[in-house]
Amino acid sequence: MIVAKTFRFRLEPNAGQRQLFARFAGCCRFVFNQGLAARKASYETEGKTLSYADQCKALPDMKKAEATAWLRKVHSQVLQQALKDLDAAYQHFFRRVKGGEVPGFPRFKKKGQKDAFRYPQGVKAEAGRVYLPKIGWVAYRDSRPVEGVILQATIKREGEHWFVSLACEVELQDPAPLPVTEERAVGIDVGLKSFAVLSDGTAIENPRYLKSALAKLKQAQRRLARKTKRSNNWKKQVAKVVKLHIQVKNARKDFAHKASTVIVKNHDVIAVEDLNIKGMVKNRRLSRAISDVGWGLFLDMLAYKAAWAGKHFVKIGRFEATSKTCSTCGEKKAMPLSVRTYACGGCGTVMDRDWNASLNIRAAGLAVLNACGGV
Ligand SMILES: [Zn+2]
């Protein structure tokens with residue numbers, strides 16, 4: 001089994017490397033913006049869309065020209081990759097137009113926003129350091145080894161730090177699939193009150209460090225709203241908000257990793273509801289809470305960790321009435337969101353709403369696996 005794994009590390013560049021990072025990112029931004037301008041001009045004057053190959057041909061001339069000779073100092077594949085990214089942005093745009101959406105057109109990049117560059121090949125990694133062509137060995141803050149073959153490396157600035165993401169292909173031994181057993185099966189209901197409720201009755205709460213990071217972020221955002229736009233104090237506050245955003249993102253990821261690892265370790269069958277998170281986020285009342293908790297990330301982690309361990313991960317359809325059905329006798333009743341307790345008129349069961357749902361999810365997951373001959 002070949003799986004994709006991404007390794008992300010915070011880099012510790014020296015002063016010279018830091019300068020090179022800024023230069024590489026700046027050159028990529030320049031090439032991207034030039035490419036975008038050229039595409040727009042060609043479309044407006046000749047009604048023709050330039051291809052990636054057309055645009056690559058223009059690169060050597062840009063390097064020869066005196067005014068843009070500084071591009072020579074940057075690895076040529078890194079510059080080509082900027083054009084490839086532009087091409088991908090175009091493709092993505094037209095795919096969405098075809099799908100009936102009204103997406104935003106690819107935009108010019110501004111300095112200091114999403115500073116990044118990418119290598120399609122030539123990157124090597126050892127414990128604690130990574131080799132970037134035309135930059136050299138750069139230390140990173142982690143002792144995890146990189147596994148597999150590096151397919152692509154992205155170097156990106158987040159706040160004041162630079163990070164590297166290594167997209168790798170790792171060959172794993174196919175794990176023998178574990179048998180489906182009722183005792184080792186769990187259903188998970190992701191809720192708004194708790195982060196998630198398991199069918200064994202455990203409620204997983206959002207950790208305190210995430211809550212406090214969120215509170216700090218909200219406060220910083222409120223302060224930002226009160227400042228005069230583009231003033232010095234406003235700029236300082238923007239930097240604070242960006243920093244807190246990164247903290248929240250990392251805290252959420254860290255928590256999702258911990259929670260998913262424990263669940264996969266303790267169970268062989270993991271059933272969840274297919275949430276169609278995009279659809280739910282459109283519902284305004286729920287949207288804030290939902291985009292805050294990061295379930296998509298959590299479910300993805302559960303899925304791949306289960307696959308690596310040879311365990312069963314089942315997503316059940318989102319039209320199953322998991323909240324409305326009594327997990328003991330199967331009777332159904334209306335359950336508006338405000339009702340936190342399920343009280344069954346048929347068999348007299350009284351239990352927490354989310355726990356009841358998680359039991360139904362577990363049963364539905366087992367039914368799916370049994371129907372597929374999983375036992
Ligand atoms: Zn009942």
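pLDDT is the predictor's confidence in each residue, on a scale from 0 to 100. The legends below describe a predicted model.

**View 1. Confidence along the chain.** The mean pLDDT of the chain is 88. Of its residues, 94% reach 70 or more. Among the elements, helix α7 (residues 277-281) has the lowest mean pLDDT, 56. Strand β2 has the highest, 96.

**View 2. The largest nonpolar core.** This core has 35 residues. F24, C28, L79 and V164 have the most contacts inside it. Several elements each supply at least two of its residues, including β1 (2-12), α4 (76-98), β6 (149-158) and β7 (161-171). Helix α1 gives the most, with eight residues. F24 touches V74, V78 and F117, leaving aside residues up to four places away in sequence.

**View 3. Helix α1 and its packing.** Helix α1 has 32 residues. From first C-alpha to last, α1 reaches 46 Å, close to the 46 Å expected at 1.5 Å a residue. Its buried residues include F21, F24, C28, R29, Q34 and R39. The buried residues of α1 pack against α2 (52-57), α4, β2, β6 and β7. Just after the helix, G47 takes a positive phi of about 65°.

View 4. P13 lies in the loop between β1 and α1. P13 touches R18, F21, V138 and W162, not counting residues up to four places away in sequence.

View 5. Strand β3 (residues 124-126) runs antiparallel to β4, and three bridges join the two. The bridge partner of K124 in β4 is Y131. β3 and β4 form a hairpin with two residues between them. In that turn, G128 has a positive phi of about 85°. On its other pairing, β4 meets β5 in the antiparallel sense over four bridges. Here R129 stands opposite A139 in β5. This pair also forms a hairpin, with three residues between the strands. K134 in the turn has a positive phi of about 65°. β4 has a covered face, V130 and L132. R129 and Y131 make up its uncovered face.

**View 6. Positive phi in two loops.** K114 sits in the loop between α4 and β2. Its phi is near 55°, a positive value in a residue other than glycine. K114 is exposed because 11 other C-beta atoms lie within 10 Å, and the limit for exposed is 12 or fewer. R230 lies in the loop between α5 (208-226) and α6 (232-266). R230 has a positive phi of about 65°, although it is not a glycine. With 8 other C-beta atoms within 10 Å, R230 is exposed.

Definitions and conventions:
Residues are numbered from 1 along each chain as its sequence is written. This is a predicted model: local features need pLDDT of at least 70, side-chain atom pairs count only at pLDDT 80 or more; totals for chains, interfaces and linings use all residues. A nonpolar core is a set of buried Ala, Val, Leu, Ile, Met, Phe, Trp, Tyr and Cys residues joined through C-beta atoms within 7 Å. A residue is buried if 20 or more other C-beta atoms lie within 10 Å of its own, exposed if 12 or fewer, and partly exposed in between; C-beta atoms are placed from the backbone. Two residues are in contact if their C-beta atoms, placed from the backbone, lie within 7 Å. The expected span of a helix is 1.5 Å times one less than its number of residues. Two strands pair if DSSP finds at least two bridges between them.
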